[in-house]
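This report describes one protein chain, residue by residue and then as a whole. The sequence and model are shown first.

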Amino acid sequence: IRDRSDINVKISGPDQVTPEIFDNGDQTFDVECHPSQPGDYVITVSVKGNPFGFPTKLTVSPKSSDVSSSNKPTLNVTKMECKGPGLLSLNPGELSVFTVYTNNKDIKTEDVKITVSGPASPKVDIFSNQDGSFDVEYVPPVPGQYFIDVKVQGSPVPGSPYAVGSAGFNKPVEVSPAPAQQQVAPAKVIADPSKCSVDTTNLSQAKALETTAFTVIAKDSQSNLSK
């Protein structure tokens, strides 16, 4: 397997769930999902278009009672969005601004958590507009690509984390080709779906609005980790 693009994970159920796949670099792939509604979900996994060991059932229970006891408003993260120039591009040393729209006027500033990471981790200021929307400001000190993580009551807003680059960051760089004798094609080992497996240890403990994770393990026909 070349990278995570060879892994396809689909999750269907009472809520639309987009799984996140992380390449561990050792032919195992961690998968995280954030179901916002309780109920029964079905997970299907395939490697290079070949399904294996699935589908399997994921039962998501309601979030812990501490949420209701704290009188927090009912959360529907699927209706939330972020907009603004600060999510499109940035200029080092200049103020970047965007707005989080929760579509819930009961959401408070302390419910909104935003982090900006990259070449630096600038301070983030959040200002409530008293209507369920929040203006966000940050100043990236150096050029490069930054990742903006937006969560409301611990749940990521659709599209988060956002990747934002400074002007010219993606400018092509000329690279001289390596001498012919140094170019060695890597050995290609094909993953065998019948030998692949999934570590579903955490699927029996899923809760709504909380991250659920499992791991895909890719192996070849000899049960070796494929490449």
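## Glycine 154

Glycine 154 is partly exposed because its relative accessibility is 45%; buried stands for under 20% relative accessible area, exposed for over 50%, and partly exposed for values in between (1.4 Å probe, protein chains only). The residue lies in the loop between strand 12 (145-152) and strand 13. Helices (H or I, at least four residues) and strands (E, at least two) are DSSP runs, numbered from the N terminus.

The model is predicted: local features need pLDDT of at least 70, side-chain atom pairs count only at pLDDT 80 or more, and totals for chains, interfaces and linings use all residues. Residues are numbered from 1 along each chain as its sequence is written, and side-chain values use heavy atoms, with hydrogens and water left out.

## Threonine 99 and its surroundings

Threonine 99 belongs to strand 8 (residues 96-101). Its relative accessibility is 11%, so threonine 99 counts as buried. Beyond the residues up to four places away in sequence, threonine 99 touches Glu81, Cys82, Lys83, Ser133, Phe134 and Asp135, where contact means heavy atoms within 4.5 Å.

With aspartate 135, threonine 99 also forms a side-chain polar contact of 2.9 Å. A polar contact is a pair of N or O atoms within 3.5 Å; within protein, one must be able to donate a hydrogen and the other to accept it, and residues adjacent in sequence count only if both atoms are side-chain atoms.

## Proline 193

Proline 193 is placed in the loop between strand 14 and strand 15 (197-199). This proline is buried because its relative accessible area is 17%. Its C-alpha atom is separated by 6.5 Å from that of valine 47, a residue 146 positions away along the chain. Apart from neighbours within four places in sequence, proline 193 is in contact with Asn50, Pro51 and Phe52.

## Backbone exceptions

Most residues other than glycine have a negative phi, and most peptide bonds are trans. Asparagine 103, which is not a glycine, has a positive phi of about 55°. Asparagine 103 occupies the loop between strand 8 and strand 9 (112-117) and is exposed, with a relative accessible area of 58%. Glutamine 130, also not a glycine, has a positive phi of about 65°. Its loop runs between strand 10 (124-128) and strand 11 (133-138), and glutamine 130 is exposed, with a relative accessible area of 67%.

The peptide bond that joins serine 160 and proline 161 is cis, with omega about 0°. Proline 161 is found in the loop between strand 13 (155-156) and strand 14 (162-165).

## The chain as a whole

The chain contains 1 helix and 16 strands. Of its 227 residues, 37% are buried. Among the contacts in the chain with a separation of 6 or more, 61% come from residues 24 or more positions apart.
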